[in-house]
Amino acid sequence: MVDTTLTPAASAAHAAAAGAARWRPAPHLCVAGLLLAGLALVPLFSLWLGQSFYVTLVSRIMILALAAVGLNLVMGYGALVSFGHALYIGVGAYVVGILSFHGIANGWVHLAVALVGGGALAALVGLVCLRAQGVAFIMITLAFAQMFYFLAVSLKAYGGDDGFAIAARSDFGVVDLNNSVTLYYVIFAALAGTLFCLHRLVHARFGMVLQGCRSNERRMRALGFPTGQVKLTAYVISALVCVLAGMLLANLTRFVSPSYMHWLLSGDLVVIVVLGGLGTLLGPVVGAVLWLVMEEALSSFHLTGGPLDELVRTHWLGVAGFVALVVALALKHGVYGALVARFEGRSS
Amino acid sequence: MTASLLLTQLLNGFQLGVLLFLLSAGLTLVLGIMHVINLAHGTLFMMGAYFAATVFGWTDSFALAALAAVGGSLLLGLVIERVVIVHLYERDHLYQVLATFGVILIFNEIARYGWGTSPVFMAVPEMLSGTVDLFGLAYPAYRIAIIGVGLAVGAALYVVVHKTRVGMLIRAGATDAGMVSALGVNIRGLNAMVFAAGAALAGLAGLMAGPILSVQPGMGEPILILTLVVLITGGVGSIRGAVYGALIVGIVDTVGRAFLPNLMREVMERSTAQAAGPAIASMLIYLLMAAVLAVRPAGLFPVKHG
């Protein structure tokens, strides 16, 4: 409407500027592209360096990123702080472990059992947990995860407290997971595919309703949206993403133990999401990279060669705790959130 | 035989319930009044146990150990409130969980650094090392002492909260902190006091638990989870809920673990019962919590507002 009074030259310049603005990709797309391209190139680099260690490390990072992306759906978009999502990682891992233990190696069977079983469990647990709100929701999700942790500890047939090694990885026919690079790209595809699906989901009507519930659930209910149903669906979807992450984790480590359900892992996931950026799709991926690289750096800390190195190496969890504390006190939007905000502030 | 066994287990459950009450009373006050969820409450319990074990080892005096545990964790609570919690009053619960999660990790490593990974031994004080004869049942005197201390603290807490001016302010603060502050009460000071009192109770629980649990890094977490189950079962923010919730959880957990495997052996095949019994026994309190939540989402004894 304002354009009507502009001279032809000015309006042409305006159109050109608008065109340029249209051609400049959005900052979050830039970051997404760079991040995914970087992750896709890791095996090549590590081949070039002759260090297969990096493939395993980044595989682990991507698996935790996947779980954190799942958690972020309920925590970031639904404001439902679940402190027990490690439960679903454990479920995915135990399905792979127990089925292989009984000689069923078919990966598709693993996938089907894990998703159906995990989904049913998440629906049941979610149904109970979502009756509570706020603090009580945090506590009850934590308590449920602990309950299944103790269940896993008491499974003496499956290693009990110590867990057990998995005889063979999931067998997906032509895709051979015993090759670490193939496994890497399977994990990469799972992460990228999940990111794409969740991107569509949070921008669809469903995601809008979920975010509406985050701001004011009562109002959404008054508008006639089935808020309870939406929250439960989001909870189940986020649990399924974690189940998938758990399956991949079991395949990567070829080992299952109750520690996969431990509440420290749930806490790690929460830290990763907040560190990266709550309620952003890519935030958890950035957070996972930062958190796990920090973990790796601290547990093999080597700077001065003095006694300080030794201290940090043995007590790196304490340093990690300090970082978590600082993140909680000082970082409101997370690293990725702050990055995007700065990017957008400069380009506008 | 079975009757005396049942009585023993009931007393054990009661004693666990009393310990849980000491912890959940502090946590529920902090949650009800300050609306802060403090996961580091179990850490204060752990540090209290360490202080007690150390001082008891040095001086052989249980009174000094008690002073160290309660005083030490009270001071520690004040420091944590000033340094960490004070920044979290206005923040979302998520950040409170995250910050106190960080505090747990830090203090676990401090304990590991200061006292080592292996458990620190704390002896039962000489005076309470014997057994007491209860209706023909020999029960350890120290466990009776735990129950006694818990009951005394519960009674004292009731008097303070319901019969004194400070207690009135605490109850008023739980209902409407802003209004209490507007009436000229130093709500920050009140918050710090409540937090420190909760920390002292956690330290007291650590002292009492020192001789019967193993004092080691991370000992605060399992009991923290139990405390959270108590709060959900009893109702968040209410002292009455903490009392009944703690006793119910303590007794159900202890008695369930003791008798459920045998009971299941009666009704099903031996091998199945052997595998499933301990598993279900360890899940019992969580199933109870889920059942309570399904029927009464606010817990058994919710706070009455207004």
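Which residues of α8(A) meet which residues of α9(A)? The structure is a predicted model, in which local features need pLDDT of at least 70 and side-chain atom pairs count only at pLDDT 80 or more, while totals for chains, interfaces and linings use all residues. Residues are numbered from 1 along each chain as its sequence is written, and chains are lettered from A and ligands numbered from 1 in the order in which they are written.

On the α8(A) side, A:Phe206, A:Val209, A:Leu210, A:Cys213, A:Glu217, A:Met220 and A:Arg221 meet A:Thr227, A:Val230, A:Lys231 and A:Ala234 of α9(A). Contact here requires C-beta atoms, placed from the backbone, within 7 Å; helices are DSSP runs (H or I, at least four residues), numbered from the N terminus. The residues of this contact comprise seven nonpolar, one polar and three charged (nonpolar: Ala, Val, Leu, Ile, Met, Phe, Trp, Tyr, Cys and Pro; charged: Asp, Glu, Lys and Arg; polar: the others, Gly among them). Helix α8 of chain A spans residues 205-222 and helix α9 of chain A residues 227-253; they pack at about 135 degrees with axes 10 Å apart. Axes are lines fitted to C-alpha atoms over the stretch in contact, and angles run from 0 to 180 degrees between N-to-C directions. The two helices are therefore oblique to each other (under 35 degrees is roughly parallel, over 145 roughly antiparallel, 65 to 115 roughly perpendicular, and the rest oblique). The crossing of α8(A) and α9(A) is left-handed, that is, the near helix is turned anticlockwise from the far one by less than a right angle.

In chain B, helix α2 (residues 41-59) and α4(B) cross at roughly 15 degrees, their axes coming within 10 Å, which makes α2(B) roughly parallel to α4(B). This crossing is also left-handed. B:Thr43, B:Met46, B:Met47 and B:Tyr50 of α2(B) contact B:Val103, B:Ile104, B:Phe107, B:Ala111 and B:Trp115 of α4(B); eight of these residues are nonpolar, one is polar and none is charged.

The contact between the chains takes 38 residues from chain B and 37 residues from chain A. On the chain B side, α4 (93-115), α9 (220-234) and α11 (270-295) each supply at least two residues, and α4(B) gives the largest share, 17 residues. That side has 31 nonpolar, five polar and two charged residues.

Note on methods. Contact = placed C-beta atoms within 7 Å.
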